[in-house]
Amino acid sequence: MKKAVIINLSPRKVGTSMMLANHCREFLLSRDYLVKITHLYPNLKDLSPLLAAINEAESIIMIGPCYINTYPADTVYLLEELEKNQNNLHGQCLYAVIQGGMPYVHTHESGLKMLELFAGENGLRYKGGFVIGMGAMLNGQPLSKLLNGKKAEKMFGHFLENVAKQENSPAVLYHEAQLKMPGLVYCIMAKIMNRKIEKERREKQGDQKKSPYENPGLDLRHNGKDRTIDCKR
Amino acid sequence: MRREENMITILSDYTRQEAGERLEQKLRERKIETELIAIADLYVDPCYSCGGCTNKTYGQCIHRDDVDIILPKLMRTDVLVMVTPVKWGSYSFKMKRIFDKCAVIGDRHYYCKNGELVKGKIGRVHTFVAIGVKAQWDDEEKRAFKNLVEENIKIMNIRGRAYLADDSNLSDCLETVAEGLSK
């Protein structure tokens, strides 16, 4: 029986990355894999359980959100720790999945490239990745809820077939899955989303439009801790 | 001295060549108002995507760490320069932790540019310069880092560019950046 480990690179245990991780797990189980999902964030203080799971697996699938065009910072930390603990890396297949709010592939693709470069330097076999746009809008709901749900599901299914067969997964699959709409539609979408954002801001912040960080003497007291910002520091 | 609206802030992670400090000196020599934030000794927690900056303390992270020092400074800057060691075509771990939290002070609205959705600025930053530092580069990593920075610039809907520095070209690179920023 082949072993795979799915690493949830998201700080959230529910949400779109975990939905994709569960989808991937179910698929690989149906292909007679032994599959384990491990979470990065609860293991940040001690990565050894995560490193052990990677060591035991033949395939590693890293799934996470896109923060400012690539995976969150702590993915870099994980990769650095893996580089220091090379004994856990022995030519496993590495697949990458990244999901983010913008519908475009190019917005999120740098995350895949980072994992590809890491694999190349550290003796892993990078086999390809998948980009899911509008992941934030999904907020954990299944792929079928996307505007391009049918196509996204179908292409992600092809990607998972490649993962199960430990074959290369070409970029054309996620390019094919990208939602393609005329620019005018995006402009309308922007107006609708901005109305929602403004409504939310008014509800939470009232008429105060400035960021609290613009107030130099701001007293930031939360969570029982006292601290005043000294901007001259 | 430049006008206040052209304030430059250098966010600099540790580099053996002290690239951030050297750039600050070059900009100050040109009488450009510059602030250096050396991040090596600062501690910033991860963004936990908890939604606190929307649902509890709007526009502000609910966790107390050293972004309380960094973000107010970034709110006052017009040009953000990041000096970062490059790991697999991306920002250093410490730099990325800060960058992830910059979303808190980012404009949440969407705009349309060239038929695509984009987001808005971080604070009032209109120019973003990223200087990637490595002992030596290979071409694939150069392309990856440049592409990442270009995507950052695109999504923030601002101006800017990436510079790639190594041991052989660092001085020239910093001179070029300083020259470009002084125009």
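How many residues does the contact take from chain A and from chain B? The contact, defined by heavy atoms within 4.5 Å, takes 56 residues from chain A and 55 residues from chain B. The model is predicted, so that local features need pLDDT of at least 70 and side-chain atom pairs count only at pLDDT 80 or more, whereas totals for chains, interfaces and linings use all residues. Residues are numbered from 1 along each chain as its sequence is written, chains are lettered from A and ligands numbered from 1 in the order in which they are written, and side-chain values use heavy atoms, with hydrogens and water left out.

Between them, chain A and chain B bury about 5100 Å², 63% of it on carbon and sulfur atoms; buried area is here the accessible area (1.4 Å probe) that two parts lose on being put together, summed over both. Of the area that chain A buries against chain B, 15% is supplied by A:Ile68, A:Met102 and A:Tyr213, more than by any other three residues. Three salt bridges are counted between the two chains, a salt bridge being a side-chain nitrogen of Lys or Arg within 4 Å of a carboxyl oxygen of Asp or Glu. A:Asp74 forms a salt bridge with B:Arg97, in which the closest N and O atoms are 2.5 Å apart. On the side of chain A that touches chain B, helix 3 (73-84), helix 4 (105-121) and helix 8 (183-205) of chain A each supply at least two residues, and helix 8 gives the most, with 13 residues. Helices (H or I, at least four residues) and strands (E, at least two) are DSSP runs, numbered from the N terminus.

A:Thr70 is located in the loop between strand 3 (59-65) and helix 3 of chain A. This residue counts as buried because its relative accessibility is 1%, the cut-off for buried being under 20% relative accessible area (1.4 Å probe, protein chains only). Not counting residues up to four places away in sequence, A:Thr70 touches residues of both chains, among them A:Met114, B:Ser90, B:Lys96 and B:Leu148.

B:Leu148 is also one of the buried residues of helix 5 of chain B, which include B:Phe145, B:Val149 and B:Asn152. Helix 5 (residues 139-156) has 18 residues and reaches 26 Å from its first C-alpha to its last, close to the 26 Å expected at 1.5 Å a residue, where the expected span is 1.5 Å times one less than the number of residues. At the start of this helix, a side-chain oxygen of B:Asp138 reaches to within 3.0 Å of the backbone nitrogen of B:Glu140, and just after the helix B:Asn157 takes a positive phi of about 60°.

Definitions and conventions
Buried < 20%, exposed > 50% of the residue type's maximum accessible area, 1.4 Å probe, protein only. Polar contact = N/O pair within 3.5 Å; in protein donor to acceptor, adjacent residues only side chain to side chain.
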